[in-house]
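Open the model in your viewer and keep the sequence panel beside it. The tour below moves from one selection to the next and says what to look for at each stop.

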Amino acid sequence: MSSSCCHTPSAKPIPYGPYSIYSLFLSIPLHYLSIGHTHIPYNIYIQLLISSIVVIYFGLPILKFFWKSIQNFKPDMFTLLGFGILTAYLYSLFGIVFSRSDPPTLFFDAAGAITTLVLAGQWIEQRSGEKL
């Protein structure tokens, strides 16, 4: 059995362990900032930066599997996860650019949390596959 999961016959396994840990360490302050109890200048843009790192960099394997499922017209778990992550992220990005309310309704923390939980789940699946 290969050491990478998620239906990928790649030679180099995806490092889900470090990705999920780094993603968790970034998602915790992201969630704290999104609560709104802090009055930090440029809070919205800090949330955008942190969530972009989590979703685009660490979540790239998930987004690749999402895109592959869309291209092959074979919806699976990654289709649902990709739509959820991208919907929350893009809705928040759209809210920053076009919203007239102050502050706009943002879901960057949801996109980061979903990405972190999926990466942790993939890490657990990857480790259980190695032990078989």
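Two residues are said to be in contact, or to touch, when they have heavy atoms within 4.5 Å. What you have open is a predicted model, in which local features need pLDDT of at least 70 and side-chain atom pairs count only at pLDDT 80 or more, while totals for chains, interfaces and linings use all residues. Residues are numbered from 1 along each chain as its sequence is written, and side-chain values use heavy atoms, with hydrogens and water left out.

**The whole chain**

Begin with a cartoon view of the chain, where you will find 5 helices and 0 strands; helices (H or I, at least four residues) and strands (E, at least two) are DSSP runs, numbered from the N terminus. Read from the N terminus, the order of elements is α-α-α-α-α, and the C-alpha atoms fill a box of roughly 50 × 30 × 20 Å along the principal axes. Of the 132 residues, 39% count as buried, where buried means under 20% relative accessible area, exposed means over 50%, and partly exposed lies in between (1.4 Å probe, protein chains only). Among contacts with a separation of 6 or more, 66% are made by residues 24 or more positions apart.

**First stop: helix H1**

Select residues 16-35, which form helix H1, a run of 20 residues that reaches 28 Å from its first C-alpha to its last, close to the 28 Å expected at 1.5 Å a residue; the expected span is 1.5 Å times one less than the number of residues. Now colour the buried residues of H1, including Tyr16, Tyr19, Ser23 and Leu30, and show what covers them, which includes helix H2 (43-58), helix H3 (60-71) and helix H5 (108-131).

Together with Ile21 and Tyr22, Phe25 makes a nonpolar surface patch of about 330 Å².

Move on to glycine 36, which follows H1 and has a positive phi, near 95 degrees. Most residues other than glycine have a negative phi. With that in mind, select tyrosine 42, which has a positive phi of about 60 degrees although it is not a glycine; tyrosine 42 sits in the loop between H1 and H2 and, at 63% relative accessibility, counts as exposed. Then select asparagine 43 in helix H2, which is buried, with a relative accessible area of 14%, and which is in contact with Leu33 and Thr38 when neighbours within four places in sequence are left aside.

If you select leucine 119 and leave aside its neighbours within four places in sequence, you will find it in contact with Tyr16, Tyr19, Ser20, Ser23, Phe58 and Ile62.

In the loop between H3 and H4, select phenylalanine 73, which has a positive phi of about 55 degrees although it is not a glycine and is exposed, with a relative accessible area of 75%. Leucine 93 is placed in helix H4 (residues 77-98) and is partly exposed, with a relative accessible area of 29%. Apart from its neighbours within four places in sequence, leucine 93 is in contact with Leu48 and Phe108.

**Last stop: helix H5**

Finally, select H5, whose 24 residues should span 34 Å at 1.5 Å a residue, and whose end C-alpha atoms are 35 Å apart, which agrees. Among the buried residues of H5 are Phe108, Thr115, Leu119 and Gln126, and what covers the buried residues of this helix includes H1, H2, H3 and H4.

Definitions and conventions:
Patch = residues over 30% accessible without salt bridge, like charges linked within 9 Å, V, L, I, M, F, W, Y side chains within 5 Å. Areas by Shrake-Rupley, 256 points an atom, 1.4 Å probe, with all protein chains shown as cover. Salt bridge = Lys/Arg side-chain N within 4 Å of Asp/Glu carboxyl O.
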